[in-house]
Each structure stands twice: as structure tokens, then as C-alpha cells.
Amino acid sequence: MSNHALQAISPIDGRYASKTSGLIPFFSEEALIKYRIQVEIEYFIALVEIPLPQLSDFDTSLFPELRKLYQEFSTEDAQHIKNTEKVTNHDVKAVEYFIKEKFDALGLEKYKEFIHFGLTSQDINNTAIPLSLKEAMNEVYVPQLLSVKDKLKELVEEWKDVPMLARTHGQPASPTRLGKEIQVFVTRIEEQFDLLNDIKSAAKFGGATGNFNAHKVAYPDIDWKAFGTQFVQERLYLHHSFPTTQIEHYDHMAALFDCLKRINTILIDLDRDIWTYVSMDYFKQKIKKGEIGSSAMPHKVNPIDFENSEGNLGIANAVFEHLSAKLPISRLQRDLTDSTVLRNIGVPMGHTVIGLQSTLKGLNKLLLNEAKFAEDLENNWAVVAEAIQTILRREGYPNPYEALKGLTRTNETVTQQSIADFIETLEVSEAIKAEMRVITPGNYTGI
């Protein structure tokens, strides 16, 4: 941990910096500036390709040189822009001035007024930010979520035949299989992931109030709506929101944050279940030499990874909730509240990836304690009562539920022998009794 990390206010940039470093290229201040430059450069190139009359003689062989402004963007470049911003007190204008300086250096002075031509700052912010979010999702979030899901699928296969006493309301219930219980979480994640993929990465692009006013007055014969849609969708690979006010309405982004929140909630549910299984001694945990579980109790191996995940995912969800509730609301044609809020997208994403990594780490440390599974099943023969009374119902036996209730709802322990003795008292055929005798807590696990 660097001295800078030790001085960080937020743990995602301090204690957990190594876990969140993959998000720096997408959500840092430097990254935002780089994405803004990318949009400005690609917009200028698109204007050349119309072509606008004043850009018809632009040397298109210089396009690769222009793209280097964002492809080779450096921390020094970012600092230069931040220094300019101290004077302009406007972040996007500082980006515009930076690009104009580069045009001067390339001998392209005559074209530089077409940088940011007809645009408002939100045409840049509302394309740069969804672009960075989309790429962060694809390059960081999705691979880490799929790693957790793949590990769970591996455990489903490994534990598919392990019978387990289920618990509803915390009480012994009809037995299940450990693999099936893990599959529940796999399926939930997969279904939410499908919904996630259906959400559009939307961007606003249309001038000061969304109507291409400046574009239309300068070049009335150009279909600027078609240009904007083509630019956003075919060059930036985002969905063009239209009509809009000065800013993107953020409805799709809000849907994304809500979906991420649901996935996090599923993972919290998983974390708590595994934590409980560890407390029940169903799992041991791999011990790493040198690690300490408790500062006072040497014997402890705590399920800290699942606790860490739960805590971080909870913080992420609290921020996602604010983002999805606040961003779609803006006074009239725009207010500035979205600006500072958007700068915090990396915060819940950071806590989310910490949570994903912690869950995966915890899953990789689990050791199955099969003896405990078997012991709990053996100590709870009462759970086969459901099976016996269901067979009796099938056979038309009088009041089977009440008969089993009398057997099981006492203060005495129901055992294999007491179940066997009960079966022998039933006035049913030997074939039906034989069918009941083979039922055990370990094989009464359904499909």
C-alpha cells in the first residue's frame, strides 16, 4: 500500500485499492477527461466526413494522429487540462482548449473552431460517461461476476449428490441437496444477467436544449437528427436518446443500477447462507499459514470473506439506490445536480467488485464437512413424516396428517426406530409398508 493509499479517505482507493485498480481507466478523473477527448475527436471526424463545406479540404490521413490524442492520453495531459480548468472553472471547456492547442501544434488552426461545434458540455458528458460505464461493465464487472457464477456452477456439480437437511423458518424441513441449493443462486444470477444485457447504454446528443438549434441555424439543409443518431449509435455504439432536454434523462442508466442492485442483493443472500452453513459446521475453511482469525481466540477461523462481501455490497446498493432515484430527476431543461452525482458512479462499482472478489475468495476456501451433514440428517428423522403421510394420502388412509402429527409433535426425539415402529402399526399392505421402510432423511431429497 502506497503512502497515497494510506491517506485515502475512501477504502476503495486505500485499503482495497488493489482490488479496484481495474476501474481506474473508466471512473477516475483522468479517465473521464480521456473519454471526453475521445467524443470530441470522433465528433470532429464525423463532421469532416459529412463533409461540412469548411472541412471538405481536411486531410483525412490525419485522423489517426487525431485519435492519438485519446489513445495515447497521459496523466501529464490530464494534469495540463486540470491546470487550464483552474482558469476556466469549466471542465469541458478546458478539454476543448487542450484539443485546440494540439490542432495548433499540428498546423490545423483553420479547422479548430469546429471542435465542440454547436455542442453543449452535456453532449460530451452524456456520451463520455455512458461510454466509460459500458466499457467498465464489459471489461471489469462482467468477467468478475461470471467468475463467481462459474465457481458456483463448479460447486453445484461437485455437491449435486450431497443430501442436506433443509431449514425453513430456521427449523428442520424436508431434506434437499447441497448442489441444488447452490443452483438456486446460479439461476437467479443468470436470469438477472439476461435482464442486464437488455438494458440500453443510452446517450444524449443534441445541443443546448436537445433540439440541434445551433447545428440547424448554421447548416439548415443537413438532417442533424440523423447525424446525431448515426454518430452515437454507429461510432460510439451507444443508444441515442431522443428527444431530450439539455441532458440525458438517465432512465436506462437508472435501470442498470437497479439491476446491479438486485444482483448484489442475490449475492448478499448467498453470503449470508454460506456464513450460516459455516456457523453450523457444514463447512470448514482452508487455513492459510500466518493468518489470524481472532486477536483473542487462537482457534477461530472466521468467515470474513463473506462478511466483507456483504458489507461492501450493502454500501454499493445504498449508493446505487441514490443514483437510480436521483439521476432521472432534473428541474425543467436541466439543473446541475446530476454532474456531481455522476462522478460517484465508480464508488458503488468499486464496492461491488470488492464484494465479488471477496465472495469468490470465500467460496474457494470452503471445505465440505460431510460428517456434519450426515449427523444432522440422522438426528432429524421427523422430516420423513411428510413422505409417509403423503403415501398414506395417496392410498386413502384416514387422517394421515393427524396420525403423523401425533407422532412427531412431541417433546421426544423421533428416531429411525420410532418411525419404523410407527410404520408397523399402520393398517396397510406389506407392499406399502416396504415402500415406506426405505425412506430415509438422506434419500428423501426430491428431484
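1. Strands E1 (residues 163–168) and E2 (residues 171–177) run antiparallel and are joined by 5 bridges; two strands pair if DSSP finds at least two bridges between them. Helices (H or I, at least four residues) and strands (E, at least two) are DSSP runs, numbered from the N terminus. Thr168 has Gln171 in E2 as its bridge partner. The two strands form a hairpin with 2 residues between them, and His169 in the turn has a positive phi of about 60 degrees.

2. This is a predicted model, in which local features need pLDDT of at least 70 and side-chain atom pairs count only at pLDDT 80 or more, while totals for chains, interfaces and linings use all residues. Residues are numbered from 1 along each chain as its sequence is written, and side-chain values use heavy atoms, with hydrogens and water left out.

3. Aromatic rings of Phe, Tyr and Trp (its six-membered ring) pair if their centres lie within 6.5 Å; planes under 30 degrees apart count as stacked, over 60 as edge-to-face and the rest as tilted. The count comes to 21 aromatic pairs. For Phe58 and Tyr111 the ring centres are 5.0 Å apart and the planes stand at 75 degrees, so the pair is edge-to-face. Phe58 lies in the loop between helix H4 (29–49) and helix H5 (63–71), and Tyr111 in the loop between helix H7 (91–105) and helix H8 (121–158), so the pair ties together parts that are 53 residues apart in sequence. Phe58 is buried at a relative accessible area of 5%, and Tyr111 is buried at 8% (buried means under 20% relative accessible area, exposed over 50%, partly exposed in between, with a 1.4 Å probe and protein chains only).

4. Tyr277 and Phe283 have ring centres 6.3 Å apart and planes at 70 degrees, so this pair is edge-to-face. Tyr277 is buried, at 14% relative accessible area, and Phe283 is buried, at 2%. Ring pairs also link Tyr43, Phe114, Phe117, Phe205, Tyr219, Trp224, Phe227 and Phe231 into a cluster.

5. In helix H19 (residues 416–425), Ile419, Phe422 and Ile423 are buried. Seen down the axis of H19, its buried residues fall within an arc of 100 degrees, so they line one face of the helix; the arc is that of the directions from the helix axis to the C-beta atoms. Exposed Gln417 and Thr425 are on the face of H19 turned away from its buried side.

6. The structure holds 34 salt bridges (a side-chain nitrogen of Lys or Arg within 4 Å of a carboxyl oxygen of Asp or Glu). In the one between Arg343 and Asp91, the closest N and O atoms are 2.7 Å apart. This pair links distant parts of the chain, with Arg343 in the loop between helix H14 (337–342) and helix H15 (346–364) and Asp91 in helix H7, 252 residues apart. Arg343 is partly exposed at 36% relative accessible area, whereas Asp91 counts as buried at 14%.

7. Arg272 forms a salt bridge with Glu310, the closest N and O atoms being 2.9 Å apart. Arg272 lies in helix H12 (residues 251–279) and Glu310 in helix H13 (residues 304–326), so the pair ties together parts that are 38 residues apart in sequence. Arg272 is partly exposed at 46%, and Glu310 is partly exposed at 25%.
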